[in-house]
Amino acid sequence: MSQADNQLERVQRSGLSLGLLIWSFMIVGVISILYARDRWWFLPLASQHGAEIDRMFDIILVLTGAMFILVHALLGYFVIQYRSRGAASKAHYFPHNVVLELTYTILPGLAMLGLSVAGILLWSNIHRPPGPDAFVVEVRAEQFGWSARYPGADGVLGRTDNDVAEPYNVDRKDPASRDDVVNSEIRVVVNRPVRTLLRTRDVIHEFYVPAFRTKRYMLSGVSNETYFTPTRTGTYDIACGFVCGVGHYAMRGQIQVVTQAEFDTWVKQQKTLADAAAPRGAAR
Amino acid sequence: MTTQTHGHGRPPGTDAGHAHGGGYAGYATTWFYLLAITLVEVAIVEAKAWFGLDLPAFMRIGSLIALTVLKAGLIMAYFMHLKFERRSLVLILLVPIVLLVLLYVMILPDAHTFRAVNPGMKEGAGPSHGTPTHAPAPAATPRSGH
Amino acid sequence: MAEAVSSVEAGTETSREWRGGVSPFGLSWGKLMMWIFLLSDAFTFGGLLTAYAIARSSVANWPPQLEIFGIGLVTTMTFILICSSATMAVAVQAAKASDHRRVERFLIYTIVGGIIFLGFQAYEWSHFIHEGATLSTNPWGVPAFSASFFVVTGFHGSHVTSGVIYLGYVLLRVRQERMAMEAWRNPLRDRNGRRIDVGARVKLLSKPQAPESTVETVNVRNDQVVALVPGKATNDAETFPASAIKVVEEAPEPPMPVDHFTRSERVENVGLYWHFVDLVWVFVFTLMYLI
Amino acid sequence: MATATAAHPDAHAHEDPQSFVSKYIFSYDHKVIGVQYLITSLFMMLIGGALAMAIRTQLAWPNSGVLKADSYLAAISMHGTIMIFFVLTPALIGGFGNFLIPLKIGARDMAFPFINMLSYWTYVVSIIPLLASFFVPGGPLSGGWTAYPPLSALRGAAPGSGLGQDLWLLSIAIFLISSLFGSLNYLTTILQMRVRGMTFWRLPLTVWSLFIASVLALLSFPVVTGGALLLLLDRIAGTSFYVPAGLFLGGQLVDHKGGNPLLYQHLFWFMGHPEVYIVILPPMGMVSDTLANFARKPIFGYKAMVVSMLAIGVLSFLVWGHHMYVTGMHPMLGTAFAAMTLAIAIPSAVKTFNWMATLWRGKIYFSTSMLFSIGFISLFTAGGLTGIFLGNAALDIALHNTYFVIGHFHLVMGAAALFGIFTGVYYWFPKMFGRMMHEGMGRVHFWLSLIGLYGTFFPMYILGIGGMHRRIFSFEAFGYITRMHDINIVITISAFMIFIGGLVFAYNLIWSLTHGPNSADNPWRATTLEWSTPTPPPHGNWVGEVPAVHRGAYEYSVPGAKDDYIPQWVTPQKAGVVTEH
């Protein structure tokens, strides 16, 4: 075969620059993650289950990071080392090796098995409904704002029914709804498990509180539920995580974590649904 | 088109014109069984009206599905000739059918989630006090033009 | 086949070597494609039926469909479709056995069955619409009931309709091919018993002065031949009865116009499609009407 | 039968097309159709890329005024739709599938050339409503490429939920039909039209990957066709498959009753997840071919490669729910989907290590195509590993819908798939057009792309961890996202680097078409069957008989052989060695 036919001999021979590039990705990647941990990482944690999520994240980060480093270290090395070295050099004929292949089938398999068991356990924990003493609140979203409904004195939220042609479908005939409090401020009590009912007035929104590591769609027509236990008082941002229309980007809400006493005083000052229905304060 | 594409995609033996599969009698039998199974299905559904037999729901639905699968099997095996095709084809066709069943099975729990968490869907409410807002409107205006 | 293999076997190949053609399933290309298409279509129905199942399981008070649908009507429809599937199977078998008149007869039965089925469905739909059911309203309860009914049966009905059209097309082709084959087997002959084929050199008896001519087309049914009549300026094509022709030089015998395989495969493919439509109905019947 | 395949070269190949229209426009020739697909999808890539640049400019400088809040949503939705449905799928399955399948298996054309042509033109037709939706009132759809109802079902919910959404559904429906035509053809062709000796275990991995991708397309697309039909009915006929009762939009009660929005998500992702693999499997196959070629080594663990691709194919149907962990799906399903999702990591790991082992002790030539293949491994690793975070249902609670997800899937099915396309173009360009591409420009393209892609998508992981959620027009409402403004600027600059690289590529294509040095029949000294044809291959692909196949696709550097490669079509006598496969 003539030289002119053989384009292989015309291409670049040295893999040095590529290998260095691959190594630099490895180094820059690791450094940037380490640097970001101090500046741009998860928001400071404010919920109980979040600690476990963060821990699992770190475990997987170490595992995948090791994998990333391994692959890139080898890749860079191979690229630099095994470049074509002229006619005399020859590639090593190595079509398969069952032991090697099984090794890297079984090892990742075991790792994945472990990870999925751990992940599933955590997932089930997070989805275990809290006991009857939980703080109950219905967080509501609409294009493009947030509000909340609290159960009031009886501790029971009035039932919702999609057939009730009213925003958020609260059935006012249900006696439990009379003392419900609807307010644009969202408040929960610190160190008390919160059972959050999520309800949307229109399209799908997403209740996303980065500091709580909590996220759940607010599915049209359904009261989705999510559970968390806030561990620190303060005010935290809520973002609508799922695209819901033009104002999606600015759909920011705030959730205030307060003490039980603060909440009790606050909630007593708010109007109940029955108050709102009879503004002159006649019916009670 | 036709002549080109059939250039070499033909199974051996077809040119001999020999036919397998039991011939016309075999089809008559299949046809008879299909009709008979259909009748049995209708009988199961109408068991109460015809025989005064009140079958529990799981038995009724289970037997109906079993009979449907049997019917489908008969059609595929005899009418669609799968019984006389290679085994590999049958196996290949079975895999996606399993996938379809899985699609259904994996979605079904969500229908119930929807029903359970959403009181509007009237869990456990019989037709008696259900859905008053779209109660039968006797003169529900049929759309014209159909 | 043996010669072809031998060149391969000259190497290290074994006799079980892949040889191309119809493996691995022993199906022709067309039939394999039909199977693949049906598989895909089954997933469309699977998606729709799943949607129906979810719509149904999402509400507790599904209307009692048995009281709404006339079970007699639906059972009759099912019977008709099963019968048409059986006649289709007979047509396929007849095609394999080269019994072409039977193929045509049973294809017609099948088409009639399909049309009756569609008629029943049209009746059922108009009845429903008359009672007030539309895609968005339903006099018996949740609107999803009539919506999924119309969508699923409508999608199936569109398959029946296209099946009927497909069957009609195959019927036409089968007829054409039978006639072409008959013409090929019993060609037009002149008074001396010589074949008149396209391209034969003939003498035109009705035009004794004209020189020899060439046959352009042959119409066996009407006993007519179109031949070029050499004129002064241009050649004119004229139609002659076979009796007015004397063959001087026979044309080479034309090849078989259509082979057995092509003919039987066409019927088999439409058969597969039609059985599939029946198959889907078996599920629709159970899932939408019975359960 | 064997004689038929080999000895009737013209039984199947139709007459050479004569006119310009039948030769280049409505051609039945799979090679022309493949090139048509490639060019059309590269054109669409330009549109999708331009949209991406607009999006990135907006995100780096929120007050630059490049986009408005509504046109931003339109831009992201169209960017997703175009890139997934109109660039990656048609370029890989339509372009390379058409061009390579018959050449690699020794067929003279596809099984159904007419349907093949129809497939391409249906694809072109499907583009028309999509692009038309830019010009209708309200603009294109604005609910993201997934078009979840009720946002996409209710006309008043967003500006793009009007006519633009209808056109989108129409376009997708037509596209799915086009893809059905294609899949029918590929499957029949691969199953039935392989030349003598080309057993399944000798198929090049490219063909295997296209085969599996076609099966995935065939089985997954119809389901979403049904789903899209129902969405269309919800929009135009007043049905309520997806819209529940009691919703209020702008103070008005929505006139729908009893739908279930989760149903759409299930039907959509039943297609959507296999679609990811439809897009990534063919690059995996093509990269396997080029890695073996340029490392002059057999692909390591050929059978393991095939089995892992099959495993990925099967698993891809069982994991769609991992897109829905937090949407309200039953938690029990979350556990099932989580377990199956993590299982996909195993075949992916096998593939990655097999590629590495292929490079080990090779004799590597760094052609542009090879550079992109090596880049593919790096990007695939960087993107694929984060799938382990996201597949883990519990972690997905923190990461779902954030830029972590964006980084993940862009690296895997965007960057890696794109690198697959570039690998393929640089590698097969000589076969397509008879000319070589410019290596220098190719290297510039590669460096800009690889650095740009890392610079764009790797920092997105950090954005996601930091809490930036997706599809936001401006992040200024959120303090914790604003703290990461610098990262967004870095990302945007890197993104422009990719775009400039793309322009270099486009220029290289045009330049090489006219000025590239002529190519030999087998310029890369490769083993697979397409290199046995004249360059470019004539109509009917082979002059005379199609050569029979005598061995597997990757016999490089066989000990004892004269050359360092033994093509599949060389008889054992000529090769001088008997190969194992």
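Predicted model: local features only at pLDDT ≥ 70, side-chain atom pairs only at ≥ 80, totals over all residues.

Visitor: Which chains have the most contacts between them?
Guide: Chains A and D, among the 5 pairs of chains that touch. Contact means heavy atoms within 4.5 Å. On that rule, 120 residues of chain D are in contact with 108 residues of chain A.

Visitor: How much area do chain D and chain A bury?
Guide: About 10,200 Å² between them, with 72% of it on carbon and sulfur atoms. Buried area here is the accessible area (1.4 Å probe) that two parts lose on being put together, summed over both.

Visitor: How many salt bridges cross the interface of chain D and chain A?
Guide: The rule finds 0 there. A salt bridge is a side-chain nitrogen of Lys or Arg within 4 Å of a carboxyl oxygen of Asp or Glu.

Visitor: And how many residue pairs are in polar contact across it?
Guide: 33 residue pairs across the interface of chain D and chain A, both residues at pLDDT 80 or more. A polar contact is a pair of N or O atoms within 3.5 Å; within protein, one must be able to donate a hydrogen and the other to accept it, and residues adjacent in sequence count only if both atoms are side-chain atoms.

Visitor: What about chain A and chain C?
Guide: No contact joins chain A and chain C, and their closest C-alpha atoms lie 11 Å apart.

Visitor: Rings next. How many aromatic pairs are there over all chains?
Guide: The structure holds 100. Rings of Phe, Tyr and Trp (its six-membered ring) pair if their centres lie within 6.5 Å; planes under 30 degrees apart count as stacked, over 60 as edge-to-face and the rest as tilted. One of the pairs is A:Phe94 with D:Trp360, edge-to-face at 5.4 Å centre to centre and 65° between the planes.

Visitor: Why does that pair join two chains?
Guide: Because A:Phe94 lies in the loop between helix 2 (48-81) and helix 3 (98-126) of chain A, while D:Trp360 lies in the loop between helix 12 (345-359) and helix 13 (368-384) of chain D. Helices (H or I, at least four residues) and strands (E, at least two) are DSSP runs, numbered from the N terminus.

Visitor: Is each of them buried or exposed?
Guide: A:Phe94 is buried, at a relative accessible area of 14%, and D:Trp360 is partly exposed at 29%. Buried means under 20% relative accessible area, exposed over 50%, partly exposed in between (1.4 Å probe, protein chains only).

Visitor: Which charges sit over rings?
Guide: Among them, the charged end of A:Lys215 sits over the ring of A:Tyr208, 4.1 Å from its centre. D:Arg194 lies over the face of D:Phe200, at 4.1 Å from the ring centre. The rule asks for NZ of Lys or CZ of Arg within 6 Å of the ring centre and within 35 degrees of the ring normal.

Visitor: Where is D:Arg202?
Guide: In the loop between helix 7 (163-192) and helix 8 (205-236) of chain D. D:Arg202 is buried, with a relative accessible area of 9%.

Visitor: Which backbone oxygens does its side chain reach?
Guide: A polar atom of the D:Arg202 side chain lies 2.7 Å from the backbone oxygen of D:Gly197. The D:Arg202 side chain also reaches the backbone oxygen of D:Val549, at 3.4 Å.

Visitor: And D:Asn98?
Guide: D:Asn98 is in helix 5 (residues 69-105) of chain D and counts as buried at 0% relative accessibility. The D:Asn98 side chain reaches the backbone oxygen of D:Gly94 at 3.1 Å. Leaving aside residues up to four places away in sequence, D:Asn98 touches residues including D:His30, D:Tyr37, D:Asn116 and D:Tyr186.

Visitor: Last one, chain B. How many helices and strands?
Guide: Chain B has 5 helices and 0 strands. Of its 146 residues, 42% count as buried.

Key. Residues numbered from 1 in each chain as written. Chains lettered and ligands numbered in written order. Heavy atoms only, no water.
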